[in-house]
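Let's walk through this model together, one question at a time. Here is the structure to look at as we go.

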Amino acid sequence: MDTVLTGDRPTGRLHLGHYVGSLKRRVELQNNNQPKEMYVMIADAQALSDNFDNVEKVRSNISEVALDYMACGLSPDKTTIFIQSQISELCELSFYYMNLVTVSRLQRNPTVKSEILLRGFKQSIPVGFFTYPISQAADITAFKANIVPVGEDQLPMIEQTREIVRSFNTLYKEVLVEPKAVLPENETCLRLPGLDGANKMSKSLGNCIYLADSADEISRKIKSMFTDPTHLRVEDAGHTENNPVFTYLDAFCRDEHFSALWPEYQNLEELKAHYRRGGLGDSKVKKFLNEIIQEELRPIRERREELSKDLGYVFDMLKKGSEHARKKAAQTLDEVKTAMGINYYR
Ligand code: TRP
């Protein structure tokens, strides 16, 4: 039986990039009928590794992320949603895994390298941050997850985890499971651009549509989206590639949207062809995109609003999820200590 684990750092609300890149997929995975164990973790301890001076930011975003999860359709009946810091076994596992990883191996991790640059740590890299790939290996192996649905930037973490698993199993005993990363199938979903079209959708760049945005905010953001800068007049021929309006249509638009909303075209290819020929204005395409995104996000926003009225329920769900997750992690930790020969009293 498959065991699926993934998670997010609670440093902000989740946005459309998270939605197409992973949330949608997780919900589909949760709801398909294949038997599996599924865990989704709010990685607050990892978020603290570069926000230790801003605990409030991490703390306050735990419920925001939990609301986003549940609004998208993750259900506590089928998925164990839990908070990383509540599972102290993860720290213990990390401590033993640290022996299996060299400093130079950590220095080669491309994601950590670029994060260090981005955060301007230079020579003053906090040890906790530098070693978070080890703690992520603990997150994954504690649950014996074999499937880890993630974005591309997380591939080095999965590779590091696999190396730790192989070292541990060879050195001590075959206890841990090698995980496999699962990426979104389609290129567009792998890296949804931001409203500016120049970068990936990212909170720090202010180019996001959030799952919690109001209908008005969404319309305003879509109206202000970057398009093809050479498409000055309606008659001009336009470019659809590197044009985020069309990239979002690639991600969200289905043929049914045309029959329901814009019967002049049969499908996205026809719309694109018209835009490329010239004679199609950006505002019309944006209006169409707006209707599609509104339709997709409306039920999510409404569920989110409903759920946010009872945060007591949300935290209760997280507490139960964390208790359940902790049992599994404790079981693995016990096997790990036995394999290492450090369970002395039995
Ligand atoms: N590193 C992930 C992120 O930045 C969060 C994370 C922590 C995670 N532990 C994990 C993801 C384990 C998958 C598996 O979003």
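Q: At what angle do helix α1 and helix α12 pack?
A: This is a predicted model, in which local features need pLDDT of at least 70 and side-chain atom pairs count only at pLDDT 80 or more, while totals for chains, interfaces and linings use all residues. Residues are numbered from 1 along each chain as its sequence is written, and side-chain values use heavy atoms, leaving out hydrogens and water. Helix α1 covers residues 16-31 and helix α12 covers residues 244-252 (helices are DSSP runs of H or I, at least four residues, numbered from the N terminus). With axes as lines fitted to C-alpha atoms over the stretch in contact, and angles running from 0 to 180 degrees between N-to-C directions, the axes are 12 Å apart and the packing angle is about 35 degrees.

Q: Which residues of α12 make the contact with α1?
A: Contact here means heavy atoms within 4.5 Å. From α1 come L16, Y19 and V20. Their partners on α12 are Y248, A251 and F252.

Q: How many nonpolar residues does the contact of α1 with α12 have?
A: Ala, Val, Leu, Ile, Met, Phe, Trp, Tyr, Cys and Pro count as nonpolar, Asp, Glu, Lys and Arg as charged, and the others, Gly among them, as polar. By that scheme the contact has no polar and no charged residues, and its nonpolar residues number six.

Q: How many residues does domain 2 put into the contact with domain 1?
A: The centres of the two domains, taken over C-alpha atoms, are separated by 34 Å. Domain 1 brings 13 residues to the contact, and domain 2 brings 11 residues.

Q: Is T161 buried or exposed?
A: T161 sits in helix α9, residues 155-171. Not counting residues up to four places away in sequence, T161 touches Q136, A137, I140, T141 and P179. Buried means under 20% relative accessible area, exposed over 50% and partly exposed in between, with a 1.4 Å probe and protein chains only. With a relative accessible area of 0%, T161 is buried.

Q: What is the phi of N242?
A: Most residues other than glycine have a negative phi. N242 lies in the loop between α11 (215-223) and α12, and at 68% relative accessibility N242 counts as exposed. Its phi is a positive value in a residue other than glycine, near 55 degrees.

Q: Which residues is D334 in contact with, leaving aside its neighbours within four places in sequence?
A: D334 belongs to helix α16, residues 311-340. At 28% relative accessibility, D334 counts as partly exposed. With those neighbours set aside, the contacts of D334 are N343 and R346.

Key:
Helices (H or I, at least four residues) and strands (E, at least two) are DSSP runs, numbered from the N terminus. Domain bounds come from an automatic or database domain assignment.
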